[in-house]
Amino acid sequence: MRVARQFPIKSSAIIPLRRIACFGTKMAGSAGSMKRKAVEGPISPPQTKRSIQSGTTKKAVASFFTPASQKPKDKTTWSERSPAADSPGTLLVAKYETDVKEDESIKRHKIAAFDLDSTLISTASGKKHAGDEGDWKWWHSEVPEKLRSLYKDGYRVVILSNQGGLTLHADPKSKAPKASGEKRITSFKKKCSTILAQLDLPVTLYAATGKDRFRKPQTGMWEEACKDYKLSTAELDLENSIFVGDAGGRMAVQVGGSLIPKDFSCSDRNLAHNIGIAYNTPEEYFLGEQARQFHREIDILQHEYAGIEDGVSFEKKHSQEMVVFCGPPGAGKSTFFKRVLSPIGFERINQDTLKTRDKCLQVAKECLGEGKSVAIDNTNPDPEVRKIWIDLANKFKVPVRCVWFSIPIALCEHNDAVRATHKAMNPENRERLPKLAFTGFASRYKTPQIKEGFEDITEITFQFKGSREEHGLWSRYYS
């Protein structure tokens, strides 16, 4: 019986495992002599050699070993702007300075303003949204030279871009990870710095990240550009200035068997309208294509200034009565009450101020019990809600009438935006309503009918009433 002898193995003599796997040993000979005999064929296949491509470029290696003092200076400086003194920054500003000093003898009173995405650049990947800071290319090869030509011709070149996907200051209450938001900001800055460096013109880029006065079609970014370049209203050459952007409200069109989709928005065209300058799409400006048909949800040019006095004829028919309003938020119901019904003795029942329907019902009962006339200043979109008030009027044996505000939802959204933006036109200090307030009304809305129990129905169509100054503010686009 042979006993295998165990030999201690020193760490310095450890044989790599793959070599042990390739050879076996066999005891042979006399006097305990040992001979090593190769086993035919490998026990496991030899290691496959793999070539791993390095992501490090020669340029990156050279930059790593270049002293900081010898590296090219980043010519883009970044800053933030706030829409109001007591609010955090929402406007990201990148100012690019060239090495060549600007010729101060050239008076640059004309502005050529451009959108960024799908106007000056597009994604190199072909995706709708860029994957990273390197996923971009010029929208057309002519773009850089066209902008340089504008600068030579005495234009001030600026970039005005809505960037709602960026957040400069995270909401403390938000549970969203802050790191991802910071990463997007960093990536956007790197991309813009590269774009401006390739263009190499003294250009300022403005990126609106919030839903405030900076966001197109509101004119906040344009006003910041004018302030930065010290261009007063009197000095600006609006007649020869221009804004170029892809959001022109163009309708879908069939060309050569393929469908060109409609524009996602009309905000760029509306911005140009608000400023009072010419507007072009990228196809019109860079490629010389013919203008396509476009559509706006509302055309505010149709609503000319018509003075202050209301042209609505509404008279009280009974010593005591109830009037039920029906209309979307922003239709002018509260204004109608103050100008027309309040002077003839109606009490206002409004859920925005009383907070709940039960409270509205309680106050309405008290007023009717005291012999007062009431106006139900709520949206009252459907017969089910209106029946609550009709039943209450019948209980007190009071005639009930309806004032119907047949005003398009888009126009009501516009009115709401105007009201929320201008304090002088917002005596109740209402905040801008969410989209859901309008879509919710539209989903429930049913046109009021006499058969519901109304004595009569007075239809109100929209006509702006106010001062000429207020009309000037109203006749801008806000979203």
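Of the 479 residues in the chain, 39% are buried, meaning under 20% relative accessible area with a 1.4 Å probe and protein chains only. The model is predicted: local features need pLDDT of at least 70 and side-chain atom pairs pLDDT 80 or more, while totals for chains, interfaces and linings use all residues. Residues are numbered from 1 along each chain as its sequence is written, and side-chain values use heavy atoms, without hydrogens and water.

The chain has 14 helices and 18 strands, taken as DSSP runs (helices H or I, at least four residues; strands E, at least two) numbered from the N terminus. Where contacts (heavy atoms within 4.5 Å) join residues at least 6 apart in sequence, 74% of them link residues at least 24 apart.

Ala331 is buried, at 6% relative accessible area. Beyond its neighbours within four places in sequence, Ala331 contacts Phe405, Ile407 and Cys412. Leu411 is 80 residues from Ala331 in sequence, yet the two C-alpha atoms are 7.9 Å apart.

In H8 the buried residues are Lys333, Ser334, Phe336, Phe337, Val340 and Leu341. They line one face of the helix, because they fall within an arc of 155° seen down its axis; the arc is taken from the directions from the helix axis to the C-beta atoms.

How values were computed. Buried means under 20% relative accessible area, exposed over 50%, partly exposed in between (1.4 Å probe, protein chains only).
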